[in-house]
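This briefing covers pockets, salt bridges and selected residues of one protein model. The sequence and coordinates come first, and the notes follow by topic.

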Amino acid sequence: MQNKITLPDSSIPSTWYNALADLKNPPAPVIHPGTGKPVGPGDLLPLFPMGLIEQEVSSQRFIPIPQEVRERYAMWRPTPLFRAFRLEKAIGTRSKIYYKNEGVSAGGSHKLNTSIPQAFYNKQFGRKRIATETGAGQWGSAMAIAGSFFGIEVKVYMVKVSYVQKPYRRMLMEVFGAKVVPSPSRDTASGRSILAGNPDSPGSLGIAISEAVEDAAGREDTSYALGSVLNHVLLHQTVIGLEAKEQMAIAGDYPDVVIGCHGGGSNFSGIALPFLQDKLSGGKRNLRLVAAEPTSCPTLTKGVYAFDFGDTAKLTPIVKMYTLGHDFIPEGIHAGGLRYHGAAPLVSQLLSEGLVEAQAYAQLQVFSSSITFAKAEGVLPAPESGHAIHAAIAEAKKADAGGVERVILFNLSGHGFFDLAAYDDFLTGKLADHEHSEEKVREALGNLPKVAG
């Protein structure tokens, strides 16, 4: 039985799939934080190059991937798809479990799929510098690597709790030439404001985004880059699912359930959106697309679908999304990449329309399932990816209990070699589960912006 399914370099996708083209309902407008009116391309130019702005609003179903980007993708793409025979045996399931391993990239995660085109388009546009944020460090690492490929200076605002927990991620960014500071920092007005109110703030992605946006807006040579949430980021990640569809066909299977962990929405969208196309076309109506998130930051499962800022300092445009409130600061769990108060507007719309679903899991059960997976498959997953693993195991057990067999596909979005301190904390009993604070959420939701109409 074949457990590893690979593709030749010629199978690297030549286009990205744009799910916006297949939506039955138009997306909600993006609101300018200053004027309260819908944003136009000119409003975004201080932050993004025109090539990315065009992709952000495009209604073209398939968008060509530049040859220079495909050549960089060829350094690690296509990524392998595995049938997890040993995991199936370890948990005693009759279901089939497959996983797409995105941890084989130079950055150790799926994030290079978008950092490379973002650096490419910024280089084309003449920008010399990129300011960005990172949670667990996967995105920061990917942006640092892409910046070095295209000769672009990179400044990374790394959420402070992750800066402390994951020093090797910071070191990797610095190896590739990026400057990394813990966020909130004293390098920006928004960072200094947070520190004035709470000198011991653990930081959050919302705060780090504020700092990076402020940095980019203050310099003409600098763009802002985001590793998740935005349409063009989700677009770039669809190379994952496009390859997976071809590999599943080689395996002679098609998934009943497609799973990805969810923070802002990039890796879930990367695996799920190309399969969503089949669902929207009517051919696979029973296909389930599942986003797995932490109970300590349950944006999709406990948030509200409303207009909100993407950052804490209210510098970003206002978008309609599932949110816990831009002021909400989650507990400092080890899955730092999932500690975001909001969700991608596209994923949020799909959830509100019943086309995708969401599940939330606690930290300890996620780490337990991650270790089960590591022992069976020989791959140490990132804590973020562990949420998808746990969801896959839960789906398999649910199918067994119902006396049915399911084909389950999940995205292993990154390896956990830089997260060994987290595994050590789990093995030595130092980790604890954190439920989200209802009181903090209520307080944060009380500060949502008022949007007319």
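Predicted model: local features only at pLDDT ≥ 70, side-chain atom pairs only at ≥ 80, totals over all residues.

The second largest pocket has a lining of 13 residues, and nearest its centre are His32, Asp43, Leu47, Leu315 and Pro317. The space in this pocket comes to about 180 Å³.

**Second largest pocket**

- Two helices, α1 and α10 (205–217), each supply at least two residues of the lining of the second largest pocket.
- α10 has the largest share of that lining, with 3 residues.
- By class, the lining of the second largest pocket consists of 9 nonpolar, 2 polar and 2 charged residues.

**Ala216 in α10**

- Helix α10 contains Ala216.
- Ala216 counts as buried because its relative accessible area is 1%, under the 20% limit.
- Apart from neighbours within four places in sequence, Ala216 is in contact with Pro46, Leu47, Ala131, Thr222, Ser223 and Tyr224.
- One of these contacts, Leu47, is also among the residues nearest the centre of the second largest pocket.
- Between Ala216 and Pro46 the separation is 170 residues in sequence, while their C-alpha atoms are 7.6 Å apart in space.

**Largest pocket**

- The volume of the largest pocket is about 760 Å³.
- Its lining has 36 residues, and those closest to the centre are Val30, Glu56, Leu230, Asn231 and Val319.
- Two or more lining residues come from each of α1 (41–44), α2 (50–57), α11 (231–237), β13 (318–323) and α15 (345–352).
- α2 gives the most to the lining of the largest pocket, namely 4 residues.
- The lining of the largest pocket divides into 26 nonpolar, 8 polar and 2 charged residues.
- α1 is listed for the lining of the largest pocket and also for that of the second largest pocket.

**Salt bridges**

- The whole structure holds 15 salt bridges.
- One of them joins the side chains of Glu102 and Arg77, at 2.8 Å from N to O.
- This pair links distant parts of the chain, 25 residues apart: Glu102 is in the loop between β5 (96–101) and α5, and Arg77 is in the loop between α3 (67–73) and β4 (81–83).
- Arg77 also forms a salt bridge with Glu243, where the closest N and O atoms are 2.8 Å apart.
- Glu243 belongs to helix α12 (residues 239–251) and Arg77 to the loop between α3 and β4, so this pair ties together parts that are 166 residues apart in sequence.
- Through salt bridges that share partners, Arg77, Lys100, Glu102 and Glu243 form one network.
- Another salt bridge is formed by the side chains of Arg83 and Glu88, at 2.6 Å from N to O.
- Both Arg83 and Glu88 are buried.

**Ser109**

- Ser109 is placed in the loop between β5 and α5, the loop that also holds Glu102.
- With a relative accessible area of 2%, Ser109 is buried.
- Leaving out residues up to four places away in sequence, Ser109 touches Glu102, Gly103, Gln138, Ser413 and Gly414.
- Among these contacts, Glu102 is the salt-bridge partner of Arg77.

**Helix α5**

- Helix α5 covers residues 112–125, and at 1.5 Å a residue its 14 residues should span 20 Å. The C-alpha atoms at its ends are 20 Å apart, which agrees with that span.
- α5 is mostly covered, with 11 of its 14 residues buried.
- The buried residues in α5 are Leu112, Asn113, Thr114, Ser115, Ile116, Pro117, Gln118, Ala119, Phe120, Tyr121 and Asn122.
- An α-helix has 3.6 residues a turn, so residues three or four places apart point the same way.
- Gly126 follows α5 and has a positive phi, near 90 degrees.

Notes. Residues numbered from 1 in each chain as written. Heavy atoms only, no water. Expected span 1.5 Å × (residues − 1). Buried < 20%, exposed > 50% of the residue type's maximum accessible area, 1.4 Å probe, protein only. Salt bridge = Lys/Arg side-chain N within 4 Å of Asp/Glu carboxyl O. Contact = heavy atoms within 4.5 Å. 1 Å grid on protein atoms, 1.4 Å probe; cavity = no way out; pocket = protein on both sides within 12 Å on 5 of 7 lines; lining within 4 Å. Points joined across faces, edges and corners; volume = space filled by probe spheres on them. Nonpolar A, V, L, I, M, F, W, Y, C, P; charged D, E, K, R; others polar.
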